[in-house]
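Subject: Structure handover and findings

Hello,

Please find the structure below. My notes on it follow.

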Amino acid sequence: MGIMTRFKDIMAANVNSLLDRAEDPEKMIDQYLRNLESDFAKVKAETASIMAEEKSAKRKLDECQGEITKMGEYAKKAVAAGNDNDARRFLEKKGELTQKQEVLAKNYELAQANSAKMKQMHDKLEEDIRAMKSKRDMLKAKVKVAQTQQKINEMGSGMENAGNHAAAFDRMEEKVNRMLDEAEAAGELNRSGADGDLDDLAAKYDSTGTTSAVDDELAALKAEMGL
């Protein structure tokens, strides 16, 4: 691809559209800037070369025009001096230079057009680079804001997890308390059962004592009756 074709493509490129489609805008804009700056160095050198060609073509055209004017003046002087042959030679030379002038004029016109195109490309590329650098700075600032927001979001998520852990500990504490309550209730029931057995045992002996007294009284009654 020739340099003119390549930089026509650069002129037609929509920088903002490229950035909008980029997956990583910050990385994309840095890479695109490097490419643009590399291209800009080539455009600058090529523009200087073509502008030099324009100046050279203009100088040759001016020099030819000067020679044409000079030959015309010499022809007049030769005629005034009565030297028609000399005048004829000057006029012949003037005719040759006139033909050459037409070629030089076309060359200068082409060089002028090429120079204008390259200058336009140079200025457009320079403007794109300035715009890209400005947009890069804004993008990097936005990336930092986004990164800070991401950290805040992660911290918020961590706090939510901590809340979940606290709730789990609360449930665990409730379960332990319930186990403790059940154990204490079972202990109370066990103690209540032991006291009941002891009461029954005491009643046994209490009952035995009462029966023995009744038997003694019955025996005394029988003795009294002579039975």
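Is Glu184 buried, partly exposed or exposed? Glu184 is partly exposed, because its relative accessible area is 46%. More on that residue below. Please keep in mind that this is a predicted model.

**Overall layout**

The protein chain has 4 helices and 0 strands. Along the sequence, the pattern reads α-α-α-α. The chain has 227 residues, of which 18% count as buried. Helix H3 spans 25-80, and helix H4 spans 84-224.

**Charged patches**

Back to Glu184. This residue sits in helix H4. Glu184 belongs to a negative surface patch, together with Asp181, Glu182 and Glu188.

There is a positive surface patch as well. Its members are Arg59, Lys60, Lys93 and Lys100. Which helices supply at least two residues each to the positive patch? Helix H3 and helix H4 do. Lys93 is one of the members, and its place is in helix H4. With a relative accessible area of 38%, Lys93 is partly exposed.

**Salt bridges**

Side chains of opposite charge can pair when their charged atoms come close. How many salt bridges does the structure hold? The count is 5.

- Glu37 and Lys133. This salt bridge has its closest N and O atoms 3.5 Å apart. Glu37 lies in helix H3 and Lys133 in helix H4, so the pair ties together parts that are 96 residues apart in sequence. Glu37 is partly exposed, at 37% relative accessibility. Lys133 is partly exposed too, with a relative accessible area of 34%.
- Glu67 and Lys70. Here the closest N and O atoms of the salt bridge are 3.5 Å apart. Both residues lie in helix H3, 3 residues apart, which means a separation of about one helical turn. Glu67 counts as partly exposed at 32% relative accessibility. Lys70 counts as partly exposed at 36%.
- Asp128 and Lys124. Their side chains meet in a salt bridge at 2.7 Å, N to O. Both lie in helix H4, 4 residues apart, about one turn of the helix.

Why does Asp128 count as buried? Its relative accessibility is 9%, and the cut-off for buried is under 20%.

**The aromatic pair**

The structure has 1 aromatic pair. Tyr74 and Phe90 form it, and the pair is tilted. The ring centres are 5.1 Å apart, with 40° between the planes. Why tilted? Planes under 30 degrees apart would count as stacked and those over 60 as edge-to-face, so the rest are tilted.

Tyr74 is partly exposed, with a relative accessible area of 34%. Phe90 is partly exposed as well, at 26%.

Phe90 has another entry. Lys76 and Phe90 are 14 residues apart in sequence, and their C-alpha atoms are 9.1 Å apart in space. Lys76 lies in helix H3. Lys76 counts as exposed, because its relative accessibility is 58%.

**The end of the chain**

Which residues form a nonpolar patch on the surface? They are Leu218, Leu221 and Met225. Together they have about 300 Å² of accessible area. Met225 lies in the segment after H4. Met225 is exposed, with a relative accessible area of 55%.

**To recap**

Then find the tilted pair of Tyr74 and Phe90. Finish with Asp128, a buried residue in a salt bridge with Lys124.

Best wishes

Note on methods. Residues numbered from 1 in each chain as written. Predicted model: local features only at pLDDT ≥ 70, side-chain atom pairs only at ≥ 80, totals over all residues. Heavy atoms only, no water. Patch = residues over 30% accessible without salt bridge, like charges linked within 9 Å, V, L, I, M, F, W, Y side chains within 5 Å. Areas by Shrake-Rupley, 256 points an atom, 1.4 Å probe, with all protein chains shown as cover. Salt bridge = Lys/Arg side-chain N within 4 Å of Asp/Glu carboxyl O. Lys, Arg positive; Asp, Glu negative; His and termini not counted. Charge placed at Lys NZ, Arg CZ, Asp CG, Glu CD. Buried < 20%, exposed > 50% of the residue type's maximum accessible area, 1.4 Å probe, protein only. Phe/Tyr/Trp six-rings, centres within 6.5 Å; stacked < 30°, edge-to-face > 60°.
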